[in-house]
Amino acid sequence: MKTEKIENEKQAKEVWEYFFEKPKKNYNKYIYEMVEYPEHLMYDNEKADSYKGRWTDFFGNNNDIFLEIGCGSGNFTVGNAEKYKDRNYIALELRFKRLVLGARKSKKRNIKNILFIRKRGETILDFIGENEISGIYINFPDPWEGEEHKRVISKELFEKLNVILKKDGKLYFKTDHQKYYEDVIELVSEIDGYEVVYHTDDLHNTEKAVENIKTEFEQMFLSKHNMNIKYVEIVKKI
């Protein structure tokens with residue numbers, strides 16, 4: 001047990017040094033747990049970037065690939081991967097704990113069509129190739145009240161989608177924020193090649209509720225705050 005502890009601490013230090021310059025006495029246990037899930041979690045930027053344009057090689061099939069930006073601890077993407085085994089899923093997150101929790105769930109359930117990557121959404125052009133993605137999920141992003149220029153759904157995002165999203169591919173957006181919901185619908189009307197094909201300000205009172213997979217935040221909003229969930233589907237027409 002002592003030898004195992006020393007090896008874990010050594011491994012923690014090595015992984016920590018990949019991300020941070022300064023050493024630390026007590027390492028976040030999720031830092032070194034990341035290496036326990038090589039089939040489900042990728043934290044090395046160079047390795048992720050090396051799969052640009054060839055994610056079919058990683059998954060070992062030609063199934064459609066769906067991307068989630070900001071996946072939390074993975075409930076939504078894990079649920080999708082379980083439900084749609086003929087699709088592949090890539091989920092982006094920055095927090096170590098959330099990445100490990102998502103990978104842990106995937107391994108426990110023996111899900112093969114999912115990968116968690118420690119990446120920012122702004123960097124998708126670094127590791128996703130042209131027309132490589134069939135759908136993108138953005139669930140409950142920060143509305144950045146008063147600093148709306150920082151929002152993830154922006155003209156800049158659609159410029160990136162022009163590259164990576166297939167024709168007839170979709171962007172799926174959920175939020176609890178009424179103004180963000182309204183602003184996204186207005187934004188899409190100003191962008192050539194994209195169209196809002198479905199939207200509602202009360203998702204759970206529509207026919208879509210049956211097939212909807214709840215995120216962690218969504219469950220909290222519904223159970224604790226009784227909030228209406230807003231939902232938009234946007235299709236790429238060109």
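**Entry 1. The first annotated set**

I began with the UniProt record, where an unreviewed entry gives the annotation "binding site" to Glu68, Glu93 and Asp142. I then checked the lining of the largest pocket and found that Glu68, Glu93 and Asp142 from this set belong to it. I note here that the model I am reading is a predicted one.

**Entry 2. Glutamate 68**

I located glutamate 68 in strand β2. Is glutamate 68 buried or exposed? Its relative accessibility is 2%, so I recorded glutamate 68 as buried, the cut-off being under 20%. I next listed its contacts, leaving out residues up to four places away in sequence. Glutamate 68 touches Phe76, Thr77, Ile90, Ala91, Leu92, Tyr137 and Asn139.

**Entry 3. Glutamate 93**

I placed glutamate 93 in strand β3. With a relative accessibility of 8%, glutamate 93 also counts as buried. Which residues does glutamate 93 touch, when those up to four places away in sequence are not counted? I found Gly70, Cys71, Gly72, Arg98, Leu99, Ile117, Arg118 and Lys119.

Strand β2 (residues 64–69) runs parallel to β3, and six bridges join the two. As one example, I noted that aspartate 64 has arginine 87 in β3 as its bridge partner. How does β3 pair with strand β4 (residues 114–118)? The pairing is parallel and extends over five bridges. Here tyrosine 89 stands opposite isoleucine 114 in β4.

I followed the chain from β3 to β4 and saw that it crosses through helix α6 (residues 96–108), in a β-α-β crossover that is right-handed. I also recorded a right-handed β-α-β unit made by β2, helix α5 (residues 75–83) and β3.

**Entry 4. The second annotated set**

I returned to the UniProt record, in which the unreviewed entry also lists Asp176, Thr215, Glu216, Phe217 and Glu218 under "binding site". These residues are spread over 43 residues of sequence, yet they cluster in space, with a largest C-alpha distance of 12.7 Å. Which of these residues does the lining of the largest pocket include? I found Thr215, Glu216 and Phe217 there.

I assigned glutamate 216 to helix α10 (residues 216–225). Glutamate 216 has 23% relative accessibility, and I therefore recorded it as partly exposed. Setting aside neighbours within four places in sequence, I found glutamate 216 in contact with Cys71, Gly72, Ser73, Gly74, Asn75 and Lys105.

Glutamate 218 also has its place in helix α10. Is glutamate 218 buried or exposed? Its relative accessible area is 0%, and glutamate 218 is buried. Again leaving aside neighbours within four places in sequence, I listed its contacts as Phe140, Lys174, Leu203, His204, Asn212, Ile213 and Ile229.

**Entry 5. A link between the two sets**

Methods
Residues numbered from 1 in each chain as written. Predicted model: local features only at pLDDT ≥ 70, side-chain atom pairs only at ≥ 80, totals over all residues. Heavy atoms only, no water. Pairing = 2+ DSSP bridges. Helix = DSSP H or I, 4+ residues; strand = E, 2+ residues; numbered from the N terminus. Right-handed = clockwise from strand over helix to strand, strands pointing away. UniProt positions renumbered as here; feature names shortened; annotations may be inferred. 1 Å grid on protein atoms, 1.4 Å probe; cavity = no way out; pocket = protein on both sides within 12 Å on 5 of 7 lines; lining within 4 Å. Buried < 20%, exposed > 50% of the residue type's maximum accessible area, 1.4 Å probe, protein only. Contact = heavy atoms within 4.5 Å.
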